[in-house]
Amino acid sequence: MEKVLEVKDLHVSFKTYGGEVKAVRGVTFDLHKGETLAIVGESGCGKSVTSQSIMRLIPEPPGKFDGGSIIFKGKDLTKLRDQEMRKIRGSDISMIFQDPMTALNPTLMVGDQLTEGILQHMKVSREQAKKIAVEMLDLVGIPSPHIRLKQYPHQFSGGMRQRIVIAMALVCQPEVLIADEPTTALDVTIQAQILELFRDIQKKTGVSIILITHDLGVVAQVADRIAVMYAGKIVETGTRREIFYQPQHPYTKGLLNSVPRLDVDGADLVPIGGTPPDLFSPPVGCPFTARCPYAMEVCDRVYPEKTTLSDSHGVDCWLQDERAKKLLASR
Amino acid sequence: MALRKHQEQQTQSPVPDDWFVPIQKNDSEAEAVVRPSLSYWQDAWRRLLKNKLAMMGLFFLSFLTFMAIFGPIISPHTVDHQDLVNQNLPPSSEHWFGTDELGRDVFTRTWYGARISLFVGIAAALIDFLIGVIYGGIAGYRGGRTDHYMMRVIEVLYGLPYLLVVILISVVMGPSLATIIFALTITGWIGMARIVRGQVLQIKNYEFVLASKTFGTKTGRIIRKNLLPNTMGPIIVQMTLSVPSAIFAEAFLSFLGLGIQAPLASWGSMASDALPVILSGDWWRLFFPAFFISMTMFSFNVLGDGLQDALDPKLRR
Amino acid sequence: MLQYIIKRLGSMAVTLLVIITLTFFLMHSIPGSPFNEERATSEAVQKNLESYYHLDEPLYVQYFLYLKSVATFDFGPSIKKSSQTVNEMLGRGFPVSFELGMVTLIVAIFSGILLGIIAALRHNGIIDYLAMTIAVVGISVPNFVLATLLIQQLAVTWGLLPPATWASPKHMILPTLALATGPMAIIARLTRASMMEVLTQDYIRTAKAKGLSPVKIVFKHALKNALLPVVTILGSLAASILTGTFVIEKIFAIPGMGKYFVESINQRDYPVIMGTTIFYSTMLIVMLFLVDLAYGILDPRIKLHKKEGK
């Protein structure tokens, strides 16, 4: 499958009053053409930082890029000059943020906010830009778009605003769409509509989507592949089927067990005990050690290398080591 | 067979076998709370201490207060003693800040002016506070129709141009310290009343107050532990910042000849008296009152800013 | 919108009435004022006063007659300068004061906003500290102190600029500078704080994600939102500039209304004090109203007619 985006060994840190937080610690993943890749993890695991690093939207300072590469169309985005990066933002890669209530400028008309991206990246007239904007609003399911263009964000409901934000991200027909918790701030019924919209748009435009979320329900509905992130690292990747039916990492299993399910009778809700590690001084070994029910001495001392289980399925865990399997068997 | 496989594994990774044993865990460590718990006021004070500019302001104001009390005492001259032989003398060992056109000692008069300024500033701020808290508190607490009408009154008063009213009152009542304070407070309390009302309205409905009530906490405790820390911040800041504006207004009035009258001295009247002689180069006449009035306002302003940062519960870290 | 305007006009009228009533009765309550005793004013003046204030009528009739003449912008005669009316003095002095006030307001707004934006964009840098130091000093030094210091240094010691009067653009520099520094400092601080707040908003990040240039982000997306709080204080700033003209005109001997006003205070020329107070109050109240309207137009979220419930 054709790779649109390759992230290799990405490191990002933040300077704070308490010291340096290592938010992303060597993240590697690929995004294939036309797929939806979900990055899941609990808050603070670095998934949003990863997505914003791809767009180079991490404010520096306090943020700091510490190494790695992000290859898009043969170019390393981390090495581009600001001006070149601006040409990519919004036209080749665009992004949707969590809260549609605050993502739109309250004092500018919606039409203005939609067309400014078009005018920035495409050589079209104001009239043509307006036509594209109308088409886009139509695509995302906003009725009477001509009238809506002249309205301000506060005249729209939350779900409608998220549709506008999505339309705004799609106006220049990007190849990659990064959606950072796009449904978290919405009502459940609206959530379903927005997810349906994502699927619909992907079918129509062939855009590749990176979906950042902590909601496994959302993931189950739309993701083709899933990357599970914990404490600044991707601990397991696989297809939706692999992650949901053959999870290997204890953290992935924990995540799945902590989601209420209706399809399994009598399944207990099992929370993961403890809290994620302090990323001021991240542990040398596997960061999940302190919360892992299978933790061994080795987990505390050395970070496990990636074990490849199939073309698509990989996991960073010492339990994949033969010696660990023997230990488990002997218990 | 098993042994061979084992050896293969070991050449792949240098991790020794004996690390593959269950780990000993220390649960209490994972749940430890790092941050020591400080009370709201301790925390605010700690942050204020870190603010160098605010501490500078506090230091200057302490110095000023000290000199306002003891300055006129340690000086060998009195505030209104005229010495027509020694007119307009530059600073010397006899007259540390020089003398004015009537031979009065500028050093003594400067500290006397400090008394007036500090007194006017603090008295006006206190009266504003008192009226503002009562008015705003009632409006906010009672709410509804009472609040509506009380706010309409404020709306009308808010339109009054502050210094014009002060000038008018001073003209009518004749210049005196009491007039100045009365004139300053007649419109000065409005800002405080608005802030108090806003705070009370907001906090009345806060969920944590409700939470405390459902836990059966006593009213006194709710007020002391929840309401006070959350309302006092903006009020203290408003008070601190209303002092310099009162001091400015007093100086402004005195400068126009509506304030403190001779033989008493105020920084404003001293600056005003110095106006005709600045062309002749008698710099000390203007410099001392100008310097101290500016420094005092500066100190109150930076202290107010510092308090604003220190007392904001949202900024706790 | 219309409903809001009518409501505001009503409240403005009440405020004005309060001011006129207050002024009228305060002036008449002063022992020794020409309204109470026939004192050492010249015969011509006394005649003028009597015909304007109807001193032979009962007080409440005087009050209503005064209201009537004020409503037609007739402020009556001066008692110190027998040949002059307050209207004539306003006609001569006000244009000068208006010029000083307007130039000051414009200078303060533009330099304050500029300083605030630069400080916000260079947040925590040397420029920021420098700008904010200037701002705190600007707030702390009273305008009359600054004015005298400027005269002493720039005009007397170095002889760079004329120390007084309002004769040419060169003469305007020092008074404007003295009067504009305080408001400029306030605007700069407010602009900086609100700009910094706006720059952390989500919609700024959205604008960045669109690939817009920093210039476009600051001027198209951030500035308008950042300036909304600045607009709200323009009314009170105008008031402080206006009262500031009193001392500045006195210090620089500028023949404006402020100078006449100060003179009238010192000479206890009550009709002039009354007339000027009412005239300036009216101006300020109208100013506050215009500022509110401007805010309603700038911020689409505010529907002025909905405000009435509050």
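Student: Where in chain B does UniProt place the feature "transmembrane region"?

Tutor: Welcome! Keep in mind that this is a predicted model. An unreviewed UniProt entry puts that feature at residues 53-74, 116-141, 153-171, 177-196, 247-266 and 286-307 of chain B. Such annotations may be inferred rather than shown by experiment, so please read the label as coming from the record.

Student: What makes residues 116-141 of chain B helix or strand?

Tutor: Helices here are DSSP runs of H or I with at least four residues, while strands are runs of E. Residues 116-141 of chain B are 100% helix and 0% strand, so by that rule the span counts as helix. Its end C-alpha atoms lie 36 Å apart. Residues 286-307 of chain B are likewise 100% helix and 0% strand, with 31 Å between the end C-alpha atoms.

Student: How many residues of chain C and chain B are called "in contact", and why?

Tutor: The count is 38 residues of chain C and 32 residues of chain B. On chain C, α1 (2-29), α5 (126-140), α6 (143-157), α9 (214-252), α10 (257-266) and α11 (270-298) each give at least two residues to the side touching chain B. The largest share, nine residues, belongs to α1(C).

Student: How many residues on that side of chain C are nonpolar, polar or charged?

Tutor: There are 27 nonpolar, 11 polar and no charged residues.

Student: What does chain A bring to its contact with chain B?

Tutor: Chain A brings 17 residues, and chain B 11. Here α12 (297-301) and α13 (322-330) of chain A each supply at least two, and α12(A) has the largest share with five residues. The chain A side holds nine nonpolar, three polar and five charged residues.

Student: Which parts of chain A are called domains?

Tutor: The domain assignment gives domain 1 (3-92 + 177-186 + 207-330) and domain 2 (99-173) of chain A. Their C-alpha centres are 32 Å apart. Six residues from domain 1 and 11 residues from domain 2 form the contact. On the domain 1 side, four are nonpolar, two polar and none charged.

Student: And which domains does chain C have?

Tutor: Chain C has domain 1 (32-72) and domain 2 (94-269 + 276-303), with 40 Å between their C-alpha centres.

How values were computed
Residues numbered from 1 in each chain as written. Chains lettered and ligands numbered in written order. Predicted model: local features only at pLDDT ≥ 70, side-chain atom pairs only at ≥ 80, totals over all residues. Contact = placed C-beta atoms within 7 Å. Nonpolar A, V, L, I, M, F, W, Y, C, P; charged D, E, K, R; others polar. Domains from an automatic or database assignment.
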